[in-house]
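User: I would like a close look at one part of the model below, followed by an account of how other parts are arranged. Please keep it plain and give the cut-offs.

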Amino acid sequence: MIRLFVPTPLAADAAVLPTLDQSRYLSQVMRLKIGDDLLVFNGRDGEWRCVITEVLKKGLVLKAEAQVRPPATGPDLELLISVVKKSALEFAVEKATELGVRRIRLVVTHRTQVQHVRMDRLDAIAIEAAEQTGRVDVPMIDEPVKLGELLDRWEAGRRLMFCDETGGAPATAALQTAGEDPWAVLIGPEGGFSPEERERLRALPFTTAVSLGPRILRADTAAIAALTLWQAAVGDWERQPRASLSTPQQNGA
Ligand code: SAH
(Lines give C-alpha, C1' and ligand atoms only; values in the text may rest on other atoms or scores of the structure.)
Protein backbone atom coordinates (compact mmCIF):
# COMPACT_ATOMS: atom_id res chain seq x y z
CA MET A 1 0.00 0.00 0.00
CA ILE A 2 1.12 3.58 -0.68
CA ARG A 3 2.68 5.45 2.25
CA LEU A 4 2.70 9.19 2.39
CA PHE A 5 4.27 11.68 4.77
CA VAL A 6 2.25 14.74 5.73
CA PRO A 7 3.39 17.36 8.25
CA THR A 8 -0.08 17.87 9.78
CA PRO A 9 -1.60 16.19 12.88
CA LEU A 10 -3.28 12.82 12.42
CA ALA A 11 -6.25 11.76 14.51
CA ALA A 12 -9.51 9.90 13.93
CA ASP A 13 -11.64 11.63 11.29
CA ALA A 14 -9.04 14.37 10.73
CA ALA A 15 -8.99 15.86 7.24
CA VAL A 16 -5.60 15.36 5.62
CA LEU A 17 -4.49 17.53 2.73
CA PRO A 18 -1.62 16.15 0.66
CA THR A 19 0.42 18.69 -1.31
CA LEU A 20 -0.41 19.31 -4.94
CA ASP A 21 2.57 17.17 -5.99
CA GLN A 22 1.49 14.32 -3.73
CA SER A 23 -2.09 14.64 -4.99
CA ARG A 24 -0.93 14.45 -8.60
CA TYR A 25 1.15 11.41 -7.79
CA LEU A 26 -1.77 9.69 -6.10
CA SER A 27 -4.36 10.41 -8.73
CA GLN A 28 -2.35 10.55 -11.94
CA VAL A 29 0.50 8.10 -11.34
CA MET A 30 -1.10 5.67 -8.90
CA ARG A 31 -4.61 6.17 -10.32
CA LEU A 32 -6.29 6.30 -6.91
CA LYS A 33 -9.93 7.40 -6.77
CA ILE A 34 -12.45 8.51 -4.16
CA GLY A 35 -12.91 5.69 -1.67
CA ASP A 36 -9.39 4.27 -2.10
CA ASP A 37 -7.14 3.75 0.94
CA LEU A 38 -3.56 4.70 1.64
CA LEU A 39 -1.25 4.93 4.62
CA VAL A 40 -0.19 8.26 6.04
CA PHE A 41 2.30 9.20 8.77
CA ASN A 42 3.66 12.47 10.10
CA GLY A 43 6.57 11.35 12.26
CA ARG A 44 4.62 11.84 15.50
CA ASP A 45 1.21 10.19 15.47
CA GLY A 46 2.04 6.72 14.15
CA GLU A 47 0.63 5.44 10.89
CA TRP A 48 -2.97 5.99 9.77
CA ARG A 49 -5.16 4.41 7.16
CA CYS A 50 -6.73 7.25 5.22
CA VAL A 51 -9.42 7.23 2.59
CA ILE A 52 -9.73 9.64 -0.32
CA THR A 53 -12.92 11.67 0.17
CA GLU A 54 -12.64 14.50 -2.36
CA VAL A 55 -10.77 15.36 -5.51
CA LEU A 56 -10.41 19.12 -5.82
CA LYS A 57 -8.44 21.32 -8.22
CA LYS A 58 -6.04 22.23 -5.42
CA GLY A 59 -5.49 18.62 -4.47
CA LEU A 60 -6.99 15.59 -2.81
CA VAL A 61 -8.75 15.54 0.53
CA LEU A 62 -8.24 12.47 2.71
CA LYS A 63 -9.90 11.40 5.91
CA ALA A 64 -7.91 9.60 8.62
CA GLU A 65 -9.87 6.48 9.51
CA ALA A 66 -7.83 4.36 11.87
CA GLN A 67 -4.40 4.25 13.40
CA VAL A 68 -2.75 1.09 12.10
CA ARG A 69 0.59 1.52 13.89
CA PRO A 70 1.42 3.48 17.03
CA PRO A 71 4.21 6.08 17.13
CA ALA A 72 7.61 4.40 17.38
CA THR A 73 11.28 5.19 17.14
CA GLY A 74 14.17 2.87 16.42
CA PRO A 75 17.22 2.47 18.62
CA ASP A 76 18.93 5.64 19.84
CA LEU A 77 21.57 5.95 17.15
CA GLU A 78 22.75 9.21 15.62
CA LEU A 79 24.89 9.83 12.56
CA LEU A 80 27.41 12.66 12.86
CA ILE A 81 28.79 13.28 9.41
CA SER A 82 31.02 16.01 8.08
CA VAL A 83 29.45 18.08 5.36
CA VAL A 84 30.78 16.45 2.19
CA LYS A 85 29.97 17.01 -1.44
CA LYS A 86 26.29 17.08 -2.28
CA SER A 87 25.89 13.67 -3.91
CA ALA A 88 27.68 11.84 -1.09
CA LEU A 89 25.83 13.74 1.62
CA GLU A 90 22.44 13.11 0.04
CA PHE A 91 23.27 9.44 -0.40
CA ALA A 92 24.37 9.18 3.23
CA VAL A 93 21.15 10.82 4.46
CA GLU A 94 19.01 8.47 2.40
CA LYS A 95 20.87 5.35 3.52
CA ALA A 96 21.12 6.42 7.16
CA THR A 97 17.35 6.87 7.19
CA GLU A 98 16.86 3.42 5.72
CA LEU A 99 19.25 2.02 8.30
CA GLY A 100 17.17 3.49 11.09
CA VAL A 101 19.16 6.37 12.59
CA ARG A 102 17.13 8.57 14.85
CA ARG A 103 18.94 11.83 14.12
CA ILE A 104 21.55 13.15 11.71
CA ARG A 105 23.89 15.91 12.80
CA LEU A 106 25.95 17.68 10.16
CA VAL A 107 29.43 18.49 11.36
CA VAL A 108 32.08 21.00 10.30
CA THR A 109 35.58 19.68 10.91
CA HIS A 110 38.98 21.27 10.25
CA ARG A 111 39.10 19.79 6.78
CA THR A 112 35.44 20.17 5.83
CA GLN A 113 35.51 21.77 2.38
CA VAL A 114 31.88 22.20 1.47
CA GLN A 115 30.12 25.20 2.99
CA HIS A 116 26.67 25.28 1.50
CA VAL A 117 24.02 22.73 2.44
CA ARG A 118 20.42 22.68 1.26
CA MET A 119 18.70 21.57 4.46
CA ASP A 120 15.26 21.49 2.81
CA ARG A 121 16.59 19.09 0.21
CA LEU A 122 18.10 16.79 2.87
CA ASP A 123 14.83 16.82 4.83
CA ALA A 124 12.93 15.86 1.68
CA ILE A 125 15.34 12.97 1.06
CA ALA A 126 14.90 11.70 4.62
CA ILE A 127 11.12 11.92 4.30
CA GLU A 128 11.12 10.01 1.04
CA ALA A 129 13.39 7.33 2.47
CA ALA A 130 11.14 7.04 5.55
CA GLU A 131 8.09 6.65 3.29
CA GLN A 132 9.77 3.79 1.46
CA THR A 133 11.26 1.98 4.44
CA GLY A 134 8.08 1.80 6.45
CA ARG A 135 9.38 3.92 9.31
CA VAL A 136 6.77 5.87 11.25
CA ASP A 137 9.33 8.46 12.34
CA VAL A 138 11.60 10.66 10.27
CA PRO A 139 15.13 11.45 11.42
CA MET A 140 15.69 15.06 12.38
CA ILE A 141 18.60 16.65 10.52
CA ASP A 142 20.55 19.35 12.32
CA GLU A 143 22.25 22.30 10.61
CA PRO A 144 26.05 22.07 10.47
CA VAL A 145 27.81 22.59 13.81
CA LYS A 146 31.56 22.70 14.49
CA LEU A 147 32.90 19.39 15.76
CA GLY A 148 34.57 21.12 18.72
CA GLU A 149 31.28 22.65 19.83
CA LEU A 150 29.47 19.35 19.56
CA LEU A 151 32.10 17.68 21.72
CA ASP A 152 32.07 20.55 24.26
CA ARG A 153 28.38 20.00 24.96
CA TRP A 154 28.24 16.24 24.53
CA GLU A 155 25.17 14.55 25.97
CA ALA A 156 26.00 12.52 29.09
CA GLY A 157 25.71 8.79 28.55
CA ARG A 158 25.95 8.80 24.75
CA ARG A 159 28.85 6.86 23.29
CA LEU A 160 30.68 7.84 20.15
CA MET A 161 31.95 5.44 17.52
CA PHE A 162 34.74 7.48 15.98
CA CYS A 163 35.45 6.08 12.53
CA ASP A 164 39.16 6.74 12.18
CA GLU A 165 40.68 6.15 8.78
CA THR A 166 44.13 5.85 10.37
CA GLY A 167 43.01 2.79 12.31
CA GLY A 168 41.50 1.72 15.59
CA ALA A 169 39.92 -1.37 17.03
CA PRO A 170 38.12 -3.48 14.45
CA ALA A 171 34.53 -2.23 14.62
CA THR A 172 32.96 -5.63 15.33
CA ALA A 173 35.26 -6.25 18.30
CA ALA A 174 34.71 -2.73 19.65
CA LEU A 175 30.94 -3.15 19.56
CA GLN A 176 30.88 -6.58 21.16
CA THR A 177 30.88 -5.11 24.65
CA ALA A 178 28.45 -2.31 23.81
CA GLY A 179 25.25 -2.29 25.83
CA GLU A 180 21.94 -0.52 25.35
CA ASP A 181 23.45 2.97 25.62
CA PRO A 182 22.64 5.64 23.10
CA TRP A 183 25.35 5.90 20.46
CA ALA A 184 26.53 8.16 17.69
CA VAL A 185 28.69 7.32 14.69
CA LEU A 186 31.18 9.98 13.54
CA ILE A 187 32.33 10.17 9.91
CA GLY A 188 34.91 12.68 8.68
CA PRO A 189 35.23 14.67 5.44
CA GLU A 190 36.96 13.72 2.18
CA GLY A 191 40.28 14.90 3.66
CA GLY A 192 39.89 12.93 6.89
CA PHE A 193 40.36 14.23 10.44
CA SER A 194 43.21 16.56 11.43
CA PRO A 195 45.82 15.25 13.91
CA GLU A 196 44.44 17.63 16.59
CA GLU A 197 40.91 16.39 16.11
CA ARG A 198 42.06 12.78 16.25
CA GLU A 199 43.99 13.42 19.44
CA ARG A 200 41.05 15.10 21.15
CA LEU A 201 38.58 12.45 20.01
CA ARG A 202 40.76 9.62 21.20
CA ALA A 203 41.23 11.19 24.63
CA LEU A 204 37.50 11.57 25.34
CA PRO A 205 36.03 9.01 27.76
CA PHE A 206 32.90 8.35 25.68
CA THR A 207 34.70 7.65 22.43
CA THR A 208 35.65 4.35 20.80
CA ALA A 209 37.98 4.72 17.81
CA VAL A 210 37.21 2.08 15.23
CA SER A 211 38.61 0.94 11.94
CA LEU A 212 36.38 -0.07 9.07
CA GLY A 213 39.04 -2.22 7.50
CA PRO A 214 42.18 -1.74 5.45
CA ARG A 215 40.62 0.23 2.61
CA ILE A 216 39.83 3.95 2.63
CA LEU A 217 36.10 4.32 2.16
CA ARG A 218 34.29 7.35 0.87
CA ALA A 219 32.41 9.15 3.65
CA ASP A 220 29.02 7.88 2.45
CA THR A 221 30.24 4.29 2.23
CA ALA A 222 31.89 4.58 5.65
CA ALA A 223 28.60 5.82 7.12
CA ILE A 224 26.67 2.88 5.72
CA ALA A 225 29.30 0.37 6.84
CA ALA A 226 29.47 1.76 10.38
CA LEU A 227 25.69 2.04 10.81
CA THR A 228 25.26 -1.50 9.49
CA LEU A 229 27.79 -2.91 11.93
CA TRP A 230 26.18 -1.06 14.81
CA GLN A 231 22.67 -2.18 13.90
CA ALA A 232 23.79 -5.80 13.58
CA ALA A 233 25.75 -5.78 16.85
CA VAL A 234 23.63 -3.68 19.19
CA GLY A 235 20.70 -2.32 17.22
CA ASP A 236 17.30 -3.80 16.47
CA TRP A 237 18.21 -6.35 13.82
CA GLU A 238 18.43 -9.19 16.31
CA ARG A 239 15.46 -8.13 18.36
CA GLN A 240 13.12 -7.39 15.48
CA PRO A 241 13.83 -9.19 12.24
CA ARG A 242 11.56 -8.04 9.42
CA ALA A 243 9.63 -11.34 9.39
CA SER A 244 8.28 -10.69 12.87
CA LEU A 245 6.51 -7.60 11.54
CA SER A 246 4.82 -9.23 8.57
CA THR A 247 1.14 -9.86 8.58
CA PRO A 248 -0.21 -12.90 6.72
CA GLN A 249 -1.33 -10.55 3.93
CA GLN A 250 2.19 -9.30 3.38
CA ASN A 251 3.36 -12.89 3.10
CA GLY A 252 1.03 -13.25 0.17
CA ALA A 253 -1.30 -15.64 2.03
N1 SAH B 1 41.38 11.36 2.93
C2 SAH B 1 41.37 10.41 3.97
C3 SAH B 1 40.13 9.54 3.92
C4 SAH B 1 38.88 10.16 4.41
S5 SAH B 1 37.53 9.10 4.16
C6 SAH B 1 42.59 9.53 3.81
O7 SAH B 1 43.00 9.29 2.69
O8 SAH B 1 43.07 9.04 4.82
C9 SAH B 1 36.22 9.93 4.95
C10 SAH B 1 35.84 9.40 6.32
O11 SAH B 1 35.32 8.08 6.22
C12 SAH B 1 36.96 9.29 7.32
O13 SAH B 1 37.25 10.50 7.97
C14 SAH B 1 36.43 8.23 8.29
O15 SAH B 1 35.55 8.79 9.22
C16 SAH B 1 35.69 7.30 7.37
N17 SAH B 1 36.54 6.19 6.91
C18 SAH B 1 36.87 5.89 5.64
N19 SAH B 1 37.59 4.75 5.58
C20 SAH B 1 37.69 4.31 6.85
C21 SAH B 1 38.30 3.14 7.45
N22 SAH B 1 38.94 2.24 6.73
N23 SAH B 1 38.18 3.01 8.78
C24 SAH B 1 37.54 3.93 9.54
N25 SAH B 1 36.95 5.02 9.03
C26 SAH B 1 37.01 5.21 7.71
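Where does Arg31 lie?

Analyst: Arg31 lies in the loop between α1 and β3, the latter covering residues 37-41. Helices here are DSSP runs of H or I with at least four residues, strands are runs of E with at least two, and both are numbered from the N terminus. This is a predicted model, in which local features need pLDDT of at least 70 and side-chain atom pairs count only at pLDDT 80 or more, while totals for chains, interfaces and linings use all residues. Residues are numbered from 1 along each chain as its sequence is written, and side-chain values use heavy atoms, with hydrogens and water left out.

The backbone of Arg31 has a phi near 60°, a positive value in a residue other than glycine. Its relative accessible area is 61%, so Arg31 is exposed. The classes are buried (under 20% relative accessible area), exposed (over 50%) and partly exposed (in between), with a 1.4 Å probe and protein chains only.

Helix α1 spans residues 20-29 and includes Val29. Val29 counts as exposed because its relative accessibility is 55%. Between Val29 and Thr207 there are 178 residues in sequence and 48 Å in space, C-alpha to C-alpha.

A positive phi is also found at Asp13, about 70°, although Asp13 is not a glycine. Asp13 sits in the loop between β1 (3-5) and β2 (15-16). With 55% relative accessibility, Asp13 counts as exposed.

Helix α2, residues 86-98, holds Phe91, and Lys95 is placed in helix α2 too. Phe91 counts as partly exposed because its relative accessibility is 37%. Phe91 and Thr221 are separated by 130 residues in sequence, with their C-alpha atoms 9.1 Å apart in space. Lys95 has a relative accessible area of 18%, so Lys95 is buried. The side chains of Lys95 and Glu94 are joined by a polar contact of 2.7 Å. A polar contact is a pair of N or O atoms within 3.5 Å; within protein, one must be able to donate a hydrogen and the other to accept it, and residues adjacent in sequence count only if both atoms are side-chain atoms.

The ligand is surrounded by 18 residues, the closest being Cys163, Glu165, Glu190, Leu212 and Arg215; a residue is near the ligand if one of its heavy atoms lies within 4 Å of it. By class, this shell has nine nonpolar, five polar and four charged residues. Here Ala, Val, Leu, Ile, Met, Phe, Trp, Tyr, Cys and Pro count as nonpolar, Asp, Glu, Lys and Arg as charged, and the others, Gly among them, as polar.

Backbone N or O atoms approach the ligand as follows. One of Cys163 lies 2.7 Å from a ligand oxygen, and one of Gly188 lies 3.0 Å from a ligand oxygen. A backbone N or O atom of Arg215 lies 2.8 Å from a ligand nitrogen. Taken alone, the ligand exposes 560 Å², of which the protein buries 85%; these areas come from the Shrake-Rupley method with a 1.4 Å probe, and for residues only the protein chains shown count as cover.

As for the whole protein, there are seven helices and 12 strands. The C-alpha trace spans about 60 × 40 × 30 Å along its principal axes. Of the 253 residues in the protein, 46% are buried.
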